[in-house]
Amino acid sequence: MSIDHDLLTKTVRESTAEVFSTMLGIELEQGEAFVTKSPAAAGDGVLAFIGLAGRWVGTGSVSVSGALACHLSSRFLTSDYRSVDDDVLDAMGELTNMIIGNVKTTLEESLGPMGLTIPTVIYGRNFTSRTLGTQEGTKVLFHMNGERMEIHVCLALNRDNVRLRPSFNVQSLLMH
Amino acid sequence: MDVLIVDDSAAIRKILQRVLRQADVPIGAVFEAADGVEALATLKANPVGLILSDINMPNMDGLQFLTKVRAIPEWKSVPILMITTEGSQDKVMEAVQLGASGYVRKPFTAEQIKEKLAGLF
């Protein structure tokens, strides 16, 4: 059983459009969407991600350049941000929470209940991210002010909720 | 009326504070907390007339916080508006059963918050 990438793409586009028009007053230009197994290329900027857990498990992330993060945060908080600081990281975490949270709510209708983790936000240069495992992810692009925003959702069926890890025979180690 | 805003996002706390100041509700001091644990401690020192709370937070989430507040007789009737990305019908029902006075799904407009507040007072 695998995820329906067309449904996921549609859900991500609708959720993102709603969050941007409601909270930022911005109509985004939609870009391409594709299925990928490869990790993201090394890049610079802000990456915010949230874990999803339930019968389906995975992550949802939003990545933008530092300049676009500042622009979005300025609209969100009606202040002027010219460099990435705590406020910008917090705003990007909350925007990601809203986008992925609404994707989750829509997907729950077909995939069953899922929980959300607290957002984590990273800002840096020349970093790479990847979700462990071999499953495919759906990447959806948006464009704004000549910059690009990437939303990546990677979900896989949680075949066994509790996976036992092989363990050492501690007793035998202690006897020698 | 003093207000407590409970959300792990400082950005949302700032936005809600601005919306409250624009609403047709007389607002006094606005206290902030980043999770349910901080919120309970703030409430003990500063009784308020309105609480706005997120659900998905570290340490103590909004539903646990709601349960604890409603268990204390003097806070039983304080209006609590849940403002959260948790939009599933199950979560809404759970919050209402635990004693939430209203529910707003993120993303929200200032008008939606103001309408809910007007309905509470």
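This is a predicted model: local features need pLDDT of at least 70, side-chain atom pairs count only at pLDDT 80 or more; totals for chains, interfaces and linings use all residues.
Residues are numbered from 1 along each chain as its sequence is written, and chains are lettered from A and ligands numbered from 1 in the order in which they are written.

**View 1. Chain A carries four helices and seven strands.** Helices here are DSSP runs of H or I with at least four residues, strands are runs of E with at least two, and both are numbered from the N terminus. Follow chain A from its N terminus and the elements go α-β-β-β-α-α-β-β-β-β-α. As for the model as a whole, it scores ipTM 0.91 and pTM 0.90.

**View 2. Here chain A meets chain B.** On this side, 19 residues of chain A are in contact with 17 residues of chain B; contact means that the C-beta atoms, placed from the backbone, lie within 7 Å. Helix 1 (5-24), helix 2 (66-77) and helix 3 (86-111) of chain A each bring at least two residues to the side that touches chain B. Helix 3 of chain A gives the largest share, 11 residues. Sorted by class, the chain A side has eight nonpolar, six polar and five charged residues. In this sorting, Ala, Val, Leu, Ile, Met, Phe, Trp, Tyr, Cys and Pro are nonpolar, Asp, Glu, Lys and Arg are charged, and the others, Gly among them, are polar.

**View 3. Now for the largest nonpolar core, with its 68 residues.** Such a core is a set of buried Ala, Val, Leu, Ile, Met, Phe, Trp, Tyr and Cys residues joined through C-beta atoms within 7 Å. Val46(A), Met92(A) and Leu95(A) have the most contacts inside the core. Helix 3 of chain A turns up again, with the largest share of this core at 10 residues. Leaving out residues up to four places away in sequence, Met92(A) touches Val46(A), Ala48(A), Ala69(A), Ser73(A) and Val121(A).

**View 4. Strand 6 of chain A pairs with strand 1 and with strand 7.** Strands pair if DSSP finds at least two bridges between them. Strand 1 (residues 29-36) and strand 6 (residues 137-144) of chain A are antiparallel, with six bridges, and Ala33(A) has Val140(A) as its bridge partner. Strand 6 also runs antiparallel to strand 7 (residues 147-157) of chain A, with eight bridges, and here His143(A) partners Arg148(A). In the hairpin of strands 6 and 7, two residues sit between the strands, and Asn145(A) takes a positive phi near 50 degrees.

**View 5. Chain B holds an open sheet of five strands in the order 2-1-3-4-5, with parallel pairing.** Strand 2 (30-33) and strand 5 (102-105) of chain B are at the edges with a single partner strand each, so one side of each has no neighbour in the sheet. Four bridges link strand 1 (residues 3-6) to strand 2 of chain B, and Val6(B) is paired with Ala33(B). Helix 2 (residues 36-45) of chain B lies across strands 1 and 2, at about 165 degrees to strand 1 of chain B. Axes are lines fitted to C-alpha atoms, for helices over the stretch in contact, and angles run from 0 to 180 degrees between N-to-C directions.

Methods
Two residues are in contact if their C-beta atoms, placed from the backbone, lie within 7 Å. A residue is buried if 20 or more other C-beta atoms lie within 10 Å of its own, exposed if 12 or fewer, and partly exposed in between; C-beta atoms are placed from the backbone.
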